[in-house]
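Visitor: I have a model open on my screen and would like to learn how to read it. Could you walk me through it, feature by feature?

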Amino acid sequence: MRTIPLLVGGALLVGLTACGSGGITATRVDASVAPTFANLYVLQQAQNGAAVSVEALHSQARCTRGDQSTPDRGAGEDWVCQVQWIKQGPAVATYSLHVQTNGCYTAEGDGPADVNGSPTITTQSGDVVANPLYKFDGCFDTT
């Protein structure tokens, strides 16, 4: 008799998990990561004394989940994003993402080293500060 409640409970849990991550798609992740990166890049450059505008960067993100056999949707720790922007020609940074069922994520830099490879940067004035592009959080609407 205990087997039936366990099966029903397990099916309910699977159903709720699927509903919670249904709004997580590559398009939504892309649309959140690109502007978040751009705003933080502007901050990082300002820390180094350079004036850059978000609009001038033309940032874009291409995010995928897992390997080619994994659909690019749903929560998980296996999202990877390539962010491209204009910096005297195209530049690309890579991020590993942990996307939660509520649409919030943590992005951790995987290179290049001069952009997001170090937790701190040294400013033009010699101060050591947190690198805003090393690791950042964001959220997007999943509905």
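Visitor: Which residues have the most contacts inside the largest nonpolar core?

Guide: Before that, a word on what we are looking at. This is a predicted model, where local features need pLDDT of at least 70, side-chain atom pairs count only at pLDDT 80 or more, and totals for chains, interfaces and linings use all residues. Residues are numbered from 1 along each chain as its sequence is written, and side-chain values use heavy atoms, with hydrogens and water left out.

Guide: Now the core. In soluble globular proteins, nonpolar side chains tend to be buried together. A nonpolar core here is a set of buried Ala, Val, Leu, Ile, Met, Phe, Trp, Tyr and Cys residues joined through side-chain atoms within 4.5 Å. Buried means under 20% relative accessible area, exposed means over 50%, and partly exposed is in between (1.4 Å probe, protein chains only). The largest core has 27 residues, and Val29, Val33, Phe37, Tyr95 and Leu97 have the most contacts inside it.

Visitor: Which element gives the most to this core?

Guide: That's H2, with 8 residues. At least two core residues each come from H2, strand S1 (60–65), strand S2 (76–86), S3 and strand S4 (104–111). These labels follow DSSP runs, numbered from the N terminus: helices are H or I with at least four residues, strands are E with at least two.

Visitor: Take Val33, then. What is Val33 in contact with, leaving aside its neighbours within four places in sequence?

Guide: Contact means heavy atoms within 4.5 Å. Val33, found in helix H2, touches Ala61, Cys63, Cys81, Val83, Leu97 and Tyr105 by that rule. Val33 is buried, at a relative accessible area of 0%.

Visitor: How many aromatic pairs are there?

Guide: A pair of aromatic rings is described by the distance of the centres and the angle of the planes. Rings of Phe, Tyr and Trp (its six-membered ring) pair if their centres lie within 6.5 Å; planes under 30 degrees apart are stacked, over 60 edge-to-face, and the rest tilted. The count comes to 6 aromatic pairs. In one of them, Phe37 and Tyr95 have ring centres 6.1 Å apart and planes at 70°, so the pair is edge-to-face. Phe37 sits in helix H2 (residues 26–47) and Tyr95 in strand S3 (residues 90–99), so to speak distant parts of the chain, 58 residues apart. Both Phe37 and Tyr95 are buried. Ring pairs also link Phe37, Tyr41, Trp85, Tyr95 and Phe136 into a cluster.

Visitor: Which cysteines does a disulfide join?

Guide: A disulfide is a covalent bond between the sulfur atoms of two cysteines. The rule used is a pair of cysteine sulfur atoms within 2.5 Å, and the count is 2 disulfides. One joins Cys63 to Cys81, S to S 2.0 Å. Its torsion about the S-S bond is about 115°, so the Cys63 and Cys81 disulfide is right-handed. Cys63 lies in strand S1 and Cys81 in strand S2, so the bond ties together parts 18 residues apart in sequence. Cys63 is buried at 0% relative accessible area, and Cys81 counts as buried at 0% too.

Guide: Another disulfide joins Cys104 to Cys139, S to S 2.0 Å. With a torsion of about 105°, the Cys104 and Cys139 bond is right-handed. This pair links distant parts of the chain, Cys104 in strand S4 and Cys139 in strand S7 (residues 135–139), 35 residues apart. Cys139 is partly exposed, with a relative accessible area of 49%.

Visitor: Which residue forms a salt bridge with Arg65?

Guide: Side chains of opposite charge can pair when their charged atoms come close. A salt bridge is a side-chain nitrogen of Lys or Arg within 4 Å of a carboxyl oxygen of Asp or Glu. The whole structure has 1 salt bridge: Asp78 pairs with Arg65, the closest N and O atoms being 2.7 Å apart. Asp78 is partly exposed at 29% relative accessibility, whereas Arg65 counts as buried at 17%.
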